[in-house]
Amino acid sequence: MILFDYDDASLELSISGDTDLLKNNRSFWFFLNSEFTLNLKGDDSIGVLLEPEDLIKAFQEIDEYIQELGIQTKLAEGASRSLERIRSEQEDFIKRSKKAKKIYWGDINSEELLDFTNHLKSNFKSGRILDEKQTLAAFHLAFSKNACNFSVPGAGKTSTILGSFSYLKSKGIVDTILVIGPLACFGPWEKEWKLCFNKKPNSLRFDRHLSVVEKNTFLRTKCREDLILMHYSSLANNLEEMIEFLKINEKVMIVIDEAHWIKRIEGGVWAEAALRISPFGASRVILTGTPAPQGFEDLHNLFEFIWPNKNLLPYGINGLRDLSDTNSNLSMGSRESRIKNLVDSLKPYFVRISKKDLNLPEPTYHPVELIEMGPIQKEIYDYIEDKYVERTKYMITNKDPIDRLLKAKTIRLRQAATNPSLLKNAIEIEGGTFEDNVFDDIDEPEIFNKIRDYETLEIPTKFLKTLELTKNIIQRGEKVIIWVNFVKNIHKLSSLLKTNGFKNEVIYGDIPLSNHEKEFSEDNITRETIVEEFHRKNSSFSVIVANAATAGESISLHLTCNNAIYVERDYNAASFLQSKDRIHRKGIPEDRITNYYFVESKNSVDQAISSRLEFKIKNLEQIIEHEIPLFSLTEDLDREDIKSILENYASRQY
């Protein structure tokens, strides 16, 4: 007797029992060794390493061969469950993909849409109404089951997902939502649930406030919660337990919120964790307004998550990187053709409500303020830049890969372009602190002394220009958010503003998100209290100084603030785009002009960053900024039946 088992974690088909009979059969053993990667164990069992998409075919081939030898076989419960799940998923993929494509291209069954909108009428108890495009986006997800929503901030992604979830729950497909995202999204999900269903969710925040006993009890039992909220790091730290949890709870909709955080392909612990749990979700959703902020390769994990092992993308990782690389060997025509092929392949699996769909007034981008550096800053910057170029030339000559030292020097270059006093402090990049200070790399005593004493010698000219812009905005009776990357610059600029009579508050990573997250601080200052006070008509301050890494997501300032000044930017296109949307989103008054101001040091790395951001944003727009046939139904006179259903739903009075 031969027993088959399969382990989802190790991706190994285990063959145990009378394995000597198999090993002694030369033809079978040759077949097994030549076709598969084996793992021979001390207990005489044979391990066959198989990806889930290869399991069914491989198992059938091996099983048939063994039975032809006259040896009986048996499936262990784990293998049987895995095979059934994979077989069911493949059938579901074919069925759901066909449905997603039909809906995306506007081929909608009127009875299904009527059933869907009637469900929303009955279950959105509080009077929450999805607009026409939100309704169609929710309908697309409800019938495709797995999809990406790339809508802009403020387009109602959360309520759209809740509408789809409610419908899928009524059909017995899901019964719980698991949201993986930043801590800042927890409150909005709970709030939106109450707004949609007119009751608080039975929710669980899987965070540090949950005791070990509570965590273990939750992970090992049948889920009773409507809504589970978990940070990416919590998922990674409890990965194996979460996989077992999802095996017990087979009707969970998994939502990855702000999903650009799982884009990293190599060495990304959060991304790996998300992809590992993906096969165990009854429904899978990706939410992000910036799906490919750095390049086309960012798309890989997002579409691998919604349909694992189905190869939705027509190109592999290297092919996607070639599309993102302006120095690749691809001709312009070939590149454009491949991008079109890529987008066409993905279209049925995502929707996007754009700013155009929201009818937002166009923002004003003021000409970049190119500021001459002060004489001391310029001297320091040129010295640091020379060191950077020297290191880069060495790497190119020796064909070295980009090393961590060059990354550190890039950060130093950015610091020098704004405020050289930061060069005294340690910096951190991936892997931890890289150097205690910049002085070990300086062999000129005069430069050494000017960096050491910079704070007493000169005020950075970018700070002075920011002060001038802030003064003009405040004199107009308006409020402003100032975006700065480095925390020490946040404090230094905040202090300069206060010294000149402009009260302000700062937001960065060490400021607690809310009272729920606050522990050892005696004051009552959190990100939530700062934003609440900022929204007040007669607030005690009119300026926020923040970094995009902390405040660029999950806060809305558009009702009270229409000005943003960018003092520093980095190469992260996602953070930049997210930060812009804090003041330009749905609900902004039609007569309000949104103003963006950019302050850059002349002849510096600032211009290189600006150029790269423009290129990345252009790539992103090639993917997501196009007409979606599904959404044109609301304007199609030949589809009066569809329009009437949507209009009837939207006009219902509660």
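Analyst: Gladly, keeping in mind throughout that this is a predicted model.

User: In what order do the strands of the open sheet run, and which are the edge strands?

Analyst: Strands count as paired when DSSP finds at least two bridges between them. Here 7 strands form an open sheet with parallel pairing, in the order β8-β9-β7-β10-β11-β6-β12, and its edge strands, each pairing on one side only, are β8 and β12 (350-351). Within the sheet, β10 (residues 252-257) and β11 (residues 283-287) are joined in the parallel sense by 5 bridges, and I256 stands opposite I286 of β11.

User: Which residues have the most contacts inside the largest nonpolar core?

Analyst: That core has 115 residues, and I256, I286, F303 and I482 have the most contacts inside it; helix α25 (residues 605-624) supplies the largest share, 7 residues. Apart from this core lies another, of 52 residues, which includes A138, Y167, V285 and I645. Beyond its neighbours within four places in sequence, I286 is in contact with several residues, among them F150, I256, L302 and F305.

User: What is the nearest side chain of opposite charge to D207, and how far away is it?

Analyst: A salt bridge requires the charged atoms to lie within 4 Å. D207, in the loop between β8 (203-206) and α9 (212-219), is buried but has no salt bridge, the nearest side chain of opposite charge being R205, 5.2 Å away. A polar atom of the D207 side chain does, however, lie 3.1 Å from the backbone nitrogen of H209.

Terms used: Residues numbered from 1 in each chain as written. Predicted model: local features only at pLDDT ≥ 70, side-chain atom pairs only at ≥ 80, totals over all residues. Heavy atoms only, no water. Helix = DSSP H or I, 4+ residues; strand = E, 2+ residues; numbered from the N terminus. Buried < 20%, exposed > 50% of the residue type's maximum accessible area, 1.4 Å probe, protein only. Lys, Arg positive; Asp, Glu negative; His and termini not counted. Polar contact = N/O pair within 3.5 Å; in protein donor to acceptor, adjacent residues only side chain to side chain. Core = buried A, V, L, I, M, F, W, Y, C linked by side-chain atoms within 4.5 Å. Contact = heavy atoms within 4.5 Å.
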